[in-house]
Amino acid sequence: MTNSTAIKRPLGANDTPARIAVTCALAGPALDLLRTVAEVEVPDADRPLSADELRSLVAGADAVVVTVHDKVDRELLDAAGPALKIVANVAVGYDNVDVAACADRGLVVTNTPGVLTDATADLAIGLLMSVTRRLAEGDRMLRAGTSWSFRLDFLLGCGMQGKTLGIVGLGQIGRAVAQRARAFGMKVAYTGERASNEVEQSLAARYVSMDALLREADFVSLHCPLTPQTSHLMDAAAFDRMKPTAFLVNTSRGPIVDESALADALEAGAIAGAALDVFEEEPRVEPRLLAMDNVVLAPHLGSATLETRTEMAVLAARNVVSVLTGSGALTPISS
Ligand code: DGY
């Protein structure tokens, strides 16, 4: 008896079953989905793969599923070979993928927009609260057994109501942060490629230049993608423009901030504090930042809820299945 609803398994090179190389731990439902159309190879490693390991994993694959620290460059694509049809990035940011090189080879590249918007926006606000209300500092104090008692002037932070949040990059995540900021009673200014009337009305957000944003904002939150133009966007000159009472939050990509310039600015009191979820050379963190009480650090947790990471993995898997079965990508990236 044939099952007419079963997905037809595509064939890979030499009429062998298609093969999908997955570089990272992927939620079960996503793996199950991938296995409906192909053999799936997932390395048994709890760390990012080395370039050599990546090359040997992807050799001969029809599809590769990668994530933020897997560099997909011409060399890796050469190692994959002619059977490759799709690179599915399990992340919304895709600075790890050479999209032009993929386009040259006619490959589809996909990412996972939308499904991680709320989780990342929540974390940006959480980091902002943590650094402005000195939560991590207080937690460290208690764990160190430091003696304390309630005092009216003890560990005073900075309130959010009535303050201006400056959002750099008003894409889906930037907008979700703006909504949350409005709910906390903040004023919202934003900068980016262009102003949007619709955003200005629905979020009561004001478009300003980058220079004005740095000068006016009490809190600066980064939500732009990493590109050659945004690399080290937050450099010494940018920190000089910020208010000495201002805080920086980064949940986008580490290299947008010059970490050494940030540490200099914090040491000099040019800004009041920073909360970072991403770093220039992950997993390394600038050692001077590790020692600062007015810095809150998280290990790239923006999308790290069980629900969100599962949705990201499933969306990547759906992209792969759709491309391998000839229906086209659901969330393609164009170069
Ligand atoms: C992304 O999606 O770009 C995050 O950095 C990982 O969730």
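The model is a predicted one, in which local features need pLDDT of at least 70 and side-chain atom pairs count only at pLDDT 80 or more, whereas totals for chains, interfaces and linings use all residues. Residues are numbered from 1 along each chain as its sequence is written, and side-chain values use heavy atoms, with hydrogens and water left out.

Turning to the overall form, the protein holds 13 helices and 13 strands, which are DSSP runs numbered from the N terminus (H or I, at least four residues, for helices; E, at least two, for strands). Its C-alpha atoms fill a box of roughly 75 × 50 × 40 Å along the principal axes. Among contacts (heavy atoms within 4.5 Å) between residues at least 6 apart in sequence, 60% join residues at least 24 apart.

Of the 335 residues, 48% count as buried, a term that means under 20% relative accessible area, with a 1.4 Å probe and protein chains only.

C102 is in no disulfide, and the nearest cysteine sulfur, that of C24, is 16 Å away. C102 counts as buried because its relative accessibility is 0%, and C224 is buried because its relative accessible area is 9%.

Methods: Buried < 20%, exposed > 50% of the residue type's maximum accessible area, 1.4 Å probe, protein only. Disulfide = S-S within 2.5 Å.
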